[in-house]
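Subject: Structure handover and notes

Dear colleague,

I am handing over the structure we spoke about, and I would be grateful if you could look through it with the notes below at hand.

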Amino acid sequence: MSDPAVRNVIIIGSGPAGLTAAIYAARANLKPLCFEGFNAGGLIPGGQLMFTTEVENYPGFVEGITGPELMGRFRGQAEHQGCELITQDVEKVDFSSRPFKVWSEGELYLAKTVILSTGARANYIGLENEEKLKNRGVSACAVCDGPLFKGKNVTVVGGGDTAMEEASYLAGLCPEVLLVHRRDEFRASKTMQARVFANPKIKVLFSSEIVDVFDVTANKVTGVAVKNLKTGEVVRHATEGLFVAIGHTPLTDIVKDQVELHPNGYVKVEPGTTSTSVAGVFAAGDVQDWVYRQAITAAGTGCMAALEAERWLVVNDAH
Ligand code: NAP
């Protein structure tokens, strides 16, 4: 059987980063192919925004827009510009020689350049009611959803920089923030901790674990059950929002042996660029960013990746 045609660009992942790369690559006439993923696998078509409700901080939408609608527009624009989208997961890649090899549903695809935009998944505690109340008071992003809880009491779980940042941000909007952490000290930087301890609106509960979230029947968060891990005592706290800030997991399973990763598992890119350790392979969005994690920053790096892929093709192999 003959080899398939070699594509200019294959984009893996269809969140804001992947679809922005798709729009730019299509407009540059690179005829990109984007694997948008299939819900059952690692990739989620549209990415993490598909799990959010109102997006009020994406510029251009004065009154806000829902996550799925925003991603529908990104997708429509990518298609309109000529990007081919395939609703399948990528199972395997081989970047050891060129053209690069990408397998999806057992079929081989070849590409001169690849843009990785598989994203990162927010970690959750793993409680049944937490799952049921996602987007109904349970959130993994205070910057995205915090303003919807203005004037309400909320709870944050976690002890890292994100938890400190989210608690401090929410304290600017809410009368009281309960910060629950499983150990008796935070792992966050001292500066971030100091900001939390100095804020009278933030109440810290150390050595504590959230063991349940209420109220599924009411279809909204009304409280959390917190267990003191030293005494075993469980106390119910009234709260209207639960912000889970216990880390993210970058979706790098298919590339972990192919490109260099940071010790925390995120794809390493040359600072100020989207170039990975493999020439011709670029990474954009949350798969390479554990600091900003915003749709707008992901879209920005998606644009960079497409422009860098285009330049790389011109220098290395005129398309
Ligand atoms: P992180 O540093 O990995 O912290 C995760 C926190 O969640 C830890 O305190 C951990 O507890 C807790 N945790 C993990 N699993 C849990 C579970 N199942 N139940 C309850 N608690 C759990 O993650 P992060 O805070 O998202 O930060 C990620 C990276 O981004 C870090 O390098 C951070 O410095 C960086 N960051 C920087 C900034 C900034 O500089 N402005 C802002 C945000 C993030 P233990 O401590 O007990 O393990």
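What follows is an account of the ligand site, a helix and a strand residue, and the nonpolar cores.

Please keep in mind throughout that this is a predicted model.

The ligand is surrounded by 14 residues, of which D161, T162, R182, R183 and R187 are the closest. Sorted by class, this shell holds five charged, five polar and four nonpolar residues, and helix 5 gives the largest share of it, with three residues.

Helix 5 itself spans residues 161–171, and its buried residues are A163, M164, E166, A167, S168, L170 and A171. These buried residues pack against helix 4 (142–145) and helix 6 (190–197), and also against strand 11 (154–157), strand 12 (177–180), strand 13 (202–205) and strand 17 (241–244).

The side chain of T155 makes a polar contact with the side chain of T239, at 2.8 Å. Beyond its neighbours within four places in sequence, T155 is in contact with L178, V180, I210, V224, T239, G241, L242 and F243.

Turning to the cores, the largest nonpolar core has 33 residues, and the members that touch the most other members are I11, Y58, L70, F74, C83 and I115. At least two residues of this core are supplied by each of strand 1 (6–12), helix 1 (16–27), helix 2 (67–80) and helix 7 (295–316), with helix 7 giving the largest share, eight residues. If residues up to four places away in sequence are not counted, I115 touches V9, I10, I11, I12, A21, F282, A305, A306 and A309. There is also a second, separate core of 23 residues, which includes V102, V255, V267 and V269. In soluble globular proteins, nonpolar side chains tend to be buried together.

With best regards

Methods: Residues numbered from 1 in each chain as written. Predicted model: local features only at pLDDT ≥ 70, side-chain atom pairs only at ≥ 80, totals over all residues. Heavy atoms only, no water. Buried < 20%, exposed > 50% of the residue type's maximum accessible area, 1.4 Å probe, protein only. Helix = DSSP H or I, 4+ residues; strand = E, 2+ residues; numbered from the N terminus. Contact = heavy atoms within 4.5 Å. Polar contact = N/O pair within 3.5 Å; in protein donor to acceptor, adjacent residues only side chain to side chain. Near = heavy atom within 4 Å. Nonpolar A, V, L, I, M, F, W, Y, C, P; charged D, E, K, R; others polar. Core = buried A, V, L, I, M, F, W, Y, C linked by side-chain atoms within 4.5 Å.
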